[in-house]
Amino acid sequence: MHLELVTIVVEAYDPAIAFFVDALGFELVEDSPASTSVGGRAKRWVVVRAPGARTGILIAQADGERQRQGVGEQAAGRVGFFLRVEDFDAAFARLVEHTVVIEGSPRVEEYGKIVVFRDIAGNRWDLLGPAD
């Protein structure tokens, strides 16, 4: 058993794909047409995944006011996603290069280096790496 997908609700597909692929280095696994939304708008099935990972992220474009209100609030303001990397400094430099919103400065904890950043939707993530 494994967790196959988690969903992140975004305002638009293409900027979200660019964020995950360019800023985080994820792979675009699938981008195909899907059935229409409740409101009749065309939907896409968009999945990104960190290289080598089994669990992917389904990027879902918000459909309707209720879903738009949830964009960026999937964990109610808490850090809801945790990205573990082998090379913290390179991953952090990539975030900076792509002008990702970073909260505070990187710090070292007993479990490794950490910094909080926000994804394209505004959700909070921990970037986690090994301690030096």
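Which residue stands opposite Leu-83 in S8? In this model, which is a predicted one, Leu-83 has Leu-127 of S8 as its opposite residue, and the two strands concerned, S5 and S8, pair in the parallel sense over five bridges. S8 has a further partner in strand S7 (residues 112-118), with which it pairs in the antiparallel sense over six bridges, and within that pairing Ile-114 stands opposite Leu-128 in S8.

The structure holds six aromatic pairs, among them a tilted pair formed by Phe-20 and Phe-26, at 5.7 Å centre to centre and with 45° between the planes. Phe-20 and Phe-26 are both buried. Phe-20 also forms a tilted pair with Trp-125, here at 6.1 Å centre to centre and with 55° between the planes. Because Phe-20 lies in helix H1 (residues 13-23) and Trp-125 in strand S8 (residues 124-129), this pair ties together parts that are 105 residues apart in sequence. Both of its members, Phe-20 and Trp-125, are buried. Taken together with Phe-19, Phe-81 and Phe-117, the residues Phe-20, Phe-26 and Trp-125 form one aromatic cluster.

Strand S3 (43-49), strand S4 (56-61) and S5 each supply at least two residues of the lining, and S5 gives the most, with three residues. By class, the lining has eleven nonpolar, two polar and one charged residues.

S3 and S4, which contribute to that lining, also belong to an open sheet of four strands in the order S1-S4-S3-S2, with mixed pairing. Strand S1 (5-10) and strand S2 (27-34) stand at the edges of this sheet, each with a single partner strand, so one side of each is left without a neighbour in the sheet. Neighbouring strands of the sheet are turned by 25° against each other on average, with direction ignored. At the end of the order where S2 stands, S2 and S3 pair in the antiparallel sense over seven bridges, and Glu-27 stands opposite Arg-49 in S3.

Ala-76, placed in the loop between helix H2 (65-70) and strand S5 (79-84), has a positive phi of about 55° although it is not a glycine. With a relative accessibility of 65%, Ala-76 lies above the 50% cut-off and therefore counts as exposed. Thr-99, found in the loop between helix H3 (88-97) and strand S6 (102-109), likewise is not a glycine and has a positive phi, of about 50°. Thr-99 counts as exposed because its relative accessibility is 69%.

Technical notes: Residues are numbered from 1 along each chain as its sequence is written. This is a predicted model: local features need pLDDT of at least 70, side-chain atom pairs count only at pLDDT 80 or more; totals for chains, interfaces and linings use all residues. Side-chain values use heavy atoms; hydrogens and water are left out. Buried means under 20% relative accessible area, exposed over 50%, partly exposed in between (1.4 Å probe, protein chains only). Rings of Phe, Tyr and Trp (its six-membered ring) pair if their centres lie within 6.5 Å; planes under 30 degrees apart count as stacked, over 60 as edge-to-face and the rest as tilted. Ala, Val, Leu, Ile, Met, Phe, Trp, Tyr, Cys and Pro count as nonpolar, Asp, Glu, Lys and Arg as charged, and the others, Gly among them, as polar. Two strands pair if DSSP finds at least two bridges between them. Axes are lines fitted to C-alpha atoms, for helices over the stretch in contact, and angles run from 0 to 180 degrees between N-to-C directions.
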